[in-house]
Amino acid sequence: MKRIYLLLIVLACFASTNAQKNYPILTLEEIGAATIVPDEVNMIVVENIGEVPNLAIYDLEKRELKQKFDVKLPENPIAYIAPSDDGLLYLVTIKRNEETGVPMFDAIYSFNFKSNKLKEIYTEEGVMPMPSSVSAVKSKLVLSGRIFNEHPQIFNIKTKAFEDFSKDESLRVLCTSDVHDSYVIVKFTELADDDSLPVYVMDFKNNLSQTVGFFSADMVISTEGENKLPGFTITNPDYNWISQAFDNGKFPLSGFSIASRPGIAEKYNQIANKFDIQEINAANENFMAASGKGQFWVYNTKTPNTIKPKTVSDDEMEAIHAYLKNKIEYLKNPIKSAALDKVFAAKFYSVTAKTDLGDNSYTESSFIVYAQNGEYQVLLEEAELKSLVAPSFKLDNEASAASFQDALNALYPPGTFDVKHIQFYKKDAKWYFIRGESFSKKKGFVVSVDEVGEIEKLENQSEID
Amino acid sequence: MKQLFFLLAMFLSFSAYSQLSETENKALDELIASKVEIEANALKAGVVKNTFDAAFFKVKTIPHYNNNGGYREIVLVKKDGKMLEIMDAETLVPFIKSEFRLNSQAEASQLKDALNLLLDSATGSEDEIVQKGNQWILVCEEWFGEKNGFVVETDSNGKITTMNYVSDLEI
């Protein structure tokens, strides 16, 4: 759970505050492995409904089940489904290491839609780690592990055997594209000090292109500075498809790996029920599938579904509102102070939301409301106070600064430990109103004024030098 | 003591209200209503429908009067046209389907999956299930060697009689 909160904080750094909500177009249950076919509207899934699992195809455009197959699936769980150019579907199963319980690669099966026949084409007799993703490129299956640590395992569908990926040990596969029959490659020996790498494209005959762009693996998450996600800078426009192939090239994704796929992170941020999602299971250019707590949702990411599916009747909603009204009390009080009346041209109110948690326990959350010219608004940011300052008020001497401090004390009463830090002083054209200390750093308001004491800027700073 | 709190709350409520004009009070109520989003969804997962005989709702209260992105989520169940909050496993016992029996690992697993959707305390990643006679132990999480989860007791037919969350389970 902690990891999910952390992810949400990370993604919130990149989220647009007014992001459009995208509701599921399809909600399923008991879904195992899943894939959305590139450039198509078909989603292929393993359904774990009933006695035995089955394969099914959903038409995502029509939002309905297209076909269900009754072929008996392998006993070991199917972890990956890879559609291939040859018209077959390749299923990769996993098994548990009997001693350690760690999931391992097990076998590869081919499935023919037309004949409804499943065929085991490879069984691993040795010990091979479970791949983190599987994709098809031309007549090969690419079983990827840790991207920057090793070559992928290449399974040749024609020879039904594994083969070497490349003799060049420095090559690493960032992603693959079945549509472009290509591997997107970097050489780890070319990693620059700024964590960027030249990007190449290799075809299925192992011909390596010239540099087509750069990949930056740098990820910066900061609440104060600029945030940065990994991503591509493509210098050859013929290869603009690479970013999308990277985004849609590795599933399932969870935690930080969602944030490391910029296109997926953007789509994730638009999802209405993103807090329920534990894993993103599949995606192509137009659709994305995700799961959490036994449910499986599909979203149209090209044309977001902005209409919330109605699952609650009007009567039920009324009963829900009645319940909440009984549990949440809003305590409203005017904030009265002579200093407030002098400094600001608005009336202020303190509102406390008091929620009954049962067993005589409560939680409280307070906020400030101001009223100006008959309009009532929540004071979300302290900086908004600037627009409420009375036109007649000038911050031009010690007395007016004392009034300003008194007004702040009325709006934001200092806590027991902060009282001793309350002070104000002027330096150059700025007045500093210290409201407390945290880890020996002063915090408070910095108010910039012009030559006649007119307030030009008001900021709340957590560190005042 | 409860009476004292009640009287104090009444006094505070009255004195606060009395400081606001009718116009102010109405305007503040309207503003608060516009700043609190209530999102409700019926819980229609098969595993819940197969285990319980009631309509459950996941209700999210999202305040937009601050910028911290926080929200509160609760699960309500409809009973006689009114909503009740699901606070713990015990609250759920009266809503278990009369025909549901807990006699096998599969049934215990189904119950555990349903609880996972209804209770925060059931959201751990452990999947251990232990049977001790008429008692089933559903382990949800392990924290420094301490196992936490639910102890479910049944009668001789497998009908659930009690269900409680227990910290530091004895297995």
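A residue counts as buried if 20 or more other C-beta atoms lie within 10 Å of its own, as exposed if 12 or fewer do, and as partly exposed in between. All views below show a predicted model.

**Figure 1. B:L20 in a loop of chain B.** B:L20 lies in the loop that joins α1 (2-18) to α2 of chain B. Is B:L20 buried, exposed or partly exposed? B:L20 has 16 other C-beta atoms within 10 Å and is therefore partly exposed. Not counting residues up to four places away in sequence, B:L20 touches A:K332 and A:P334 of chain A and B:N25 of chain B.

**Figure 2. The contact between chain A and chain B.** On the chain B side, 36 residues are in contact with 31 residues of chain A. The elements of chain B that each supply at least two residues to the side touching chain A include the helices α2 (22-35), α3 (46-49) and α5 (105-118). The strands β1 (36-42), β2 (56-63), β3 (72-79) and β4 (82-85) of chain B also each supply at least two. Which element gives the most to this side of chain B? It is α2(B), with 6 residues. By residue type, the side of chain B that touches chain A divides into 19 nonpolar, 11 polar and 6 charged residues.

**Figure 3. The four-stranded sheet of chain B.** An open sheet of 4 strands in chain B has the order β1-β2-β3-β4, with antiparallel pairing. Strands β1 and β4 of chain B stand at the edges and have a single partner strand each, so one side of each is left without a neighbour in the sheet. From one strand to the next, the twist averages 35 degrees. The antiparallel pair of β3(B) and β4(B) is joined over 4 bridges. Within β4(B), B:L84 is the bridge partner of B:V77.

**Figure 4. Chain B as a whole.** The secondary structure of chain B comes to 5 helices and 8 strands. Along the sequence the pattern is α-α-β-α-β-β-β-α-α-β-β-β-β. Chain B has 171 residues, and 21% of them count as buried. Of the contacts in chain B between residues at least 6 apart in sequence, 43% join residues at least 24 apart.

Figure 5. The largest nonpolar core has 77 residues, and A:M43, A:L141, A:V184, A:I280 and A:A289 touch the most other members. Leaving aside neighbours within four places in sequence, A:L141 is in contact with A:A82, A:Y90, A:I108, A:V134, A:A136, A:F155 and A:I157.

**Figure 6. The domains of chain A.** Chain A is divided into domain 1, which takes in 2-132 and 250-300, and domain 2, which covers 315-464. How many Å apart do the C-alpha centres of domain 1 and domain 2 of chain A lie? The distance between these C-alpha centres is 49 Å.

Figure 7. Strands β23 (residues 347-358) and β24 (residues 361-372) of chain A run antiparallel and are joined by 11 bridges. A:T352 has A:S366 of β24(A) as its bridge partner. The hairpin of β23(A) and β24(A) has 2 residues between the strands, and in it A:D359 takes a positive phi near 50 degrees. Strand β24(A) also pairs with β25 (residues 375-378) of chain A, in the antiparallel sense and over 4 bridges. Here the bridge partner of A:V369 is A:V378 in β25(A). The hairpin of β24(A) and β25(A) has 2 residues between the strands, and A:N373 takes a positive phi near 55 degrees.

Figure 8. The peptide bond from A:F251 to A:P252 is cis, with omega near 0 degrees. A:P252 is found in the loop between α2 (242-247) and α3 (256-259) of chain A. A:R63, a residue other than glycine, has a positive phi near 60 degrees. A:R63 lies in the loop between β4 (54-59) and β5 (64-69) of chain A, and with 14 C-beta neighbours inside 10 Å A:R63 counts as partly exposed. A:K160, in the loop between β12 (153-156) and β13 (161-163) of chain A, has a positive phi near 55 degrees. Because 11 other C-beta atoms lie within 10 Å, A:K160 is exposed.

Definitions and conventions. Residues are numbered from 1 along each chain as its sequence is written. Chains are lettered from A and ligands numbered from 1 in the order in which they are written. This is a predicted model: local features need pLDDT of at least 70, side-chain atom pairs count only at pLDDT 80 or more; totals for chains, interfaces and linings use all residues. Two residues are in contact if their C-beta atoms, placed from the backbone, lie within 7 Å. Ala, Val, Leu, Ile, Met, Phe, Trp, Tyr, Cys and Pro count as nonpolar, Asp, Glu, Lys and Arg as charged, and the others, Gly among them, as polar. Domain bounds come from an automatic or database domain assignment. A nonpolar core is a set of buried Ala, Val, Leu, Ile, Met, Phe, Trp, Tyr and Cys residues joined through C-beta atoms within 7 Å. Two strands pair if DSSP finds at least two bridges between them. Axes are lines fitted to C-alpha atoms, for helices over the stretch in contact, and angles run from 0 to 180 degrees between N-to-C directions.
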